[in-house]
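Let's take a walk through this structure together. Have a look at it first, and then we'll go through it piece by piece.

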Amino acid sequence: MSMAVFLFVPTIIFMSIVAPIWLLLHYRSKNRAVKGLGEGDKRELESLLMQADKLTDRVQALEKILDVESPDWRNRDNDEYR
């Protein structure tokens, strides 16, 4: 079997099966990216942003409490907690 036939068969298989599927999936993902977020995704994102804001507020409140009760907590060596 010559080298040309050896390379020709896999190339034909790739071009007739893999490449069209690859292109289809590529352009489908491009269309989804252009459309943006759906309503459900927007609601979930808003929920996650609200939860992140609440957690940020909680961390800030805890840091204020620690600043009052233990002013040098930020300067402690981290080795004792590892």
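Predicted model: local features only at pLDDT ≥ 70, side-chain atom pairs only at ≥ 80, totals over all residues.

Residues are numbered from 1 along each chain as its sequence is written, and side-chain values use heavy atoms, leaving out hydrogens and water.

Now zoom out. The chain has 2 helices and 0 strands; these are DSSP runs, numbered from the N terminus (helices are H or I, at least four residues; strands are E, at least two). The chain is more spread out than a compact globule, because its radius of gyration is 28 Å, well over the 12 Å that the globule rule gives for 82 residues. That radius is taken over C-alpha atoms, and the rule is 2.2 Å times the number of residues to the power 0.38. Along its principal axes, the C-alpha trace spans about 80 × 40 × 15 Å.

How much of the chain is buried? Of the 82 residues, 2% count as buried. Buried means under 20% relative accessible area, exposed means over 50%, and partly exposed is in between (1.4 Å probe, protein chains only).

Next, the aromatic rings. Searching the whole structure turns up 1 aromatic pair. The rings of F14 and W22 have centres 6.4 Å apart and planes at 80 degrees, so the pair is edge-to-face. For the cut-offs, rings of Phe, Tyr and Trp (its six-membered ring) pair if their centres lie within 6.5 Å; planes under 30 degrees apart are stacked, over 60 edge-to-face, and the rest tilted. F14 is partly exposed at 35% relative accessibility, whereas W22 is exposed at 55%.

S2 sits in the segment before α1 (3–35) and is partly exposed, with a relative accessible area of 41%. From S2 to S29 there are 27 residues in sequence and 40 Å in space, C-alpha to C-alpha. W73 belongs to the segment after α2 (39–69), and at 23% relative accessibility W73 is partly exposed. W73 and E44 are 29 residues apart in sequence and 36 Å apart in space, again C-alpha to C-alpha.
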